[in-house]
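Hi everyone, thanks for coming. Let me put the structure up, and then I'll walk you through a few parts of it.

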Amino acid sequence: MIIYNCRIIPWTRPNSIMDGYAVRINKNFIEKIEKEERLLEQYPSDEKINANGQILMPGLICAHTHFYGVFSRGMAIHGEAPANFLEILKKLWWPLDQSLHEEDVYYSAMVCLIDAIKHGTTTVFDHHASPNFIDGSLDVIENAVRKSGLRASLCYEVTDRGGTEKADAGIRENLRMIQKLGEKNEDRMVTASFGLHAGVTLSDKTLEKCAEVIPEGHGFHIHVAEDKIDQKESEKRYDVNVVARLNQFKITGDNSIFVHGVHLSDDEIDTIHQTGTWLTHQPRSNMNNAVGMANVEKMVQRGIPICMGNDGFSFSMWDEWRTCYLAHKMWNQDPRRMGADQVVDIAAYNNARMATKFFNGKIGVIQEGALADLILVDYIPITSMHADNLPWHIIFGFRDSMVTMTMVNGKVLMRDRKLTEINEHEVCEGAQRSSAAVWERYKKQF
């Protein structure tokens, strides 16, 4: 297949825009990038996609999400509105995840995957919880992911809030999926990490168990210092801060993903840097939960690989980029903070590095030998767009509704804004039935 008549944003450093070039895809890889005329002459029998002047760029990447949370949309929270983060957990997320059965896990994943395809997000890192359906839950999500054609990293959230038996079941589910997918993971479509909730809901005994059994070469995916309560409880119960405690159990490392990091000390930032641990930033969620805003710029300066997720918000990742650009200015009351170039470093370049590592293949870049995860964007700039101002064009001009084609692993999943592999109406009908039952179970817990 050859994609031609396009402007290419390859996301190779330094930023660049390639005009007059075409891309040849062979199976699931980008095989050649050459001048359009030459490539079309060389392969006259290839399938052709005429981009009609649209922008061809790598698919977007979401470094942290929660498929299971989508059924909270429009749901009435019981009683008074939560006044703080702990109340949000107790009144919304914990009763919701306890209301999920097998069918609900499937449909919540499917509607999120459809949302990702429609918004040009081609790789996602999910963090799952369904305490009353643990065994086999990751299989259900894997099946949904494979049906969608997207690329996804999966894990199950181990926590002690349901007791030792459920914590052990969560450990087994992570191990089973890691072993099932295997170390080689040759198809690079689905991979697995070892999920943990957060230090505040994990005992030393459970952390020790997890550290003992995780296979070599794999890491953890855990919420870290999202709210002050995580730090307060860690210091109160264990006389040590959150990151120091996790480091004691070797939860850190370059195979591990820390999520949020809103309330970190300088020592903790140093530890994250020294251990090479990844950290993901989710500004829409942080604003919604009113937990504060991580000092991302300081962490970037220290050399921490900061990536960007959505924490269960929509997969319109450019909305997350824009929120990041604006939120740090507002939080610091300084318009010089978090430039668009810094946002691109985090959400494009670092997300690509993380996906490339975890899936063992070049992702998030248009380059010969990279996996063919691509999108077409119908953006017509009204001012000059070049390498230097590209980040600002994306922040102020790009909209997710402009994505017209989504391709993953060389397969077109959406063409001319129409899904090619999934019947969206059937999925949404199933989700409506499933979510209604979830809401009834949720209400019965109060």
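Predicted model: local features only at pLDDT ≥ 70, side-chain atom pairs only at ≥ 80, totals over all residues.

Residues are numbered from 1 along each chain as its sequence is written, and side-chain values use heavy atoms, with hydrogens and water left out.

So, helix H13, residues 340-359. With 20 residues at 1.5 Å a residue, H13 should span 28 Å, and its end C-alpha atoms are 27 Å apart, which agrees. (That expected span is 1.5 Å times one less than the number of residues.) H13 is mostly covered, with 14 of its 20 residues buried, meaning under 20% relative accessible area with a 1.4 Å probe, protein chains only.

Next, the pair. How do H4 and H5 cross? The axes of H4 (residues 137-148) and H5 (residues 164-181), lines fitted to C-alpha atoms over the stretch in contact, come within 9 Å and cross at roughly 40 degrees. The contact, meaning heavy atoms within 4.5 Å, includes Arg146 of H4 and Glu173 of H5. Its residues divide into three nonpolar, two polar and six charged.

Last one: Glu102, which sits in helix H3 (residues 102-118). Leaving aside neighbours within four places in sequence, Glu102 is in contact with Phe133 and Val140. Glu102 and Gly410 are 308 residues apart in sequence, and 31 Å apart in space, C-alpha to C-alpha.

Conventions
Helix = DSSP H or I, 4+ residues; strand = E, 2+ residues; numbered from the N terminus. Buried < 20%, exposed > 50% of the residue type's maximum accessible area, 1.4 Å probe, protein only. Axes fitted to C-alpha atoms, helices over the stretch in contact; angles between N-to-C directions. Nonpolar A, V, L, I, M, F, W, Y, C, P; charged D, E, K, R; others polar.
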